[in-house]
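Have a look at the fold, then read on.

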Amino acid sequence: MSIVIPGKLLSSDRSAWDFGALVLSDHTIESRIPLQDAPKDDDTIILDSEECYLFPGYVSLMESLSEGCPLPQTQSNTSSASALGALRAFLSMRREKKVQQLYAGNVQKALFAGKTCICTVYGIEDYDTSIRDAIAAEEIPGPQILASNMAITMPEDPHSPSVCYKVKDAEEIAARVRKVARDDPDFIYIVAEYQGEHGFQMPKDMLRRGIATAHNLGYPVMVKAHSDDYLALLHILEADFIYPEQEGKSPWSNAAVLGMQDFMGDLQEGTLANLIAVTKNPLDNQGRFLSPEDLAPYIKYVVKEGAVYEPNA
């Protein structure tokens, strides 16, 4: 079955809006066509969105799903037969259930704000990968997730959340990378805090050990290391991604950071059917994209991998 979504389509050079339609089939955009050429048969659904602007779903590079979540107490003495042990076990389960509920709510909010793909950082234990797998299994609605789970950092970093793994030497960072990898994340996130002429907060040999351990296990690495010369830093560290100094607002630029520009972040044939339909022009007077928060009240449809959601229904 095909889905046809009519509307004002962002032109291929991203400078104008052309009235037409997108034909979606099997999770992807099959074609861009004039509306009058849309198929009219029993196997085609035509959505009511002719007055909407259609453009790619947002790719969010840095999303923390753990904000507002209580830390789960998984180290409680659950085997104790004492009343205190039973109470600790009960409170631990209550906290974990609360975390699961908040994570599920956060991913639904992200999807309904037009974020069809998010890259998560500063997760709690294995909740990022668990929620990723639940979304992939269509158990709950949410964006496509690239999950990192717990971040790894130095004890002296005053800016990292308390849920990060704190490491002091090369052996410890290698052990923590192996621990994170056991939950099969999409990448390993290391907070190194490169500060230009002041160098790295994390010693280079230690950082390289963490990156090498992840690569040996088959996982890419994102390093939070502020620098204007990202490419040089990538080469020096042999890392895969550098935490962006400032997240871009255009879907294609953020998809390119992740190396995913060939199949998301645009409305071309063969790309994933990730898009939003809004009743407000998503470009400001300077031709820049408005933020998801600015556009959220105007979203009529969010389409993620061909599935249609109506946030305000």
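Just after H2, Glu138 takes a positive phi of about 60 degrees. Helices (H or I, at least four residues) and strands (E, at least two) are DSSP runs, numbered from the N terminus. Before going further: this is a predicted model, where local features need pLDDT of at least 70 and side-chain atom pairs count only at pLDDT 80 or more, while totals for chains, interfaces and linings use all residues. Residues are numbered from 1 along each chain as its sequence is written, and side-chain values use heavy atoms, with hydrogens and water left out.

Back to H2, which spans residues 127-136 and is mostly covered, with seven of its 10 residues buried (under 20% relative accessible area with a 1.4 Å probe, protein chains only; exposed is over 50%, partly exposed in between). The buried ones are Tyr127, Asp128, Thr129, Ile131, Arg132, Ala134 and Ile135.

Ile188 is in contact (heavy atoms within 4.5 Å) with residues including Ile152, Val177 and Met222, leaving aside neighbours within four places in sequence.

| Residue | Relative accessible area |
|---|---|
| Cys52 | 2%, buried |
| Cys164 | 6%, buried |

Disulfides (cysteine sulfur pairs within 2.5 Å) number zero here.
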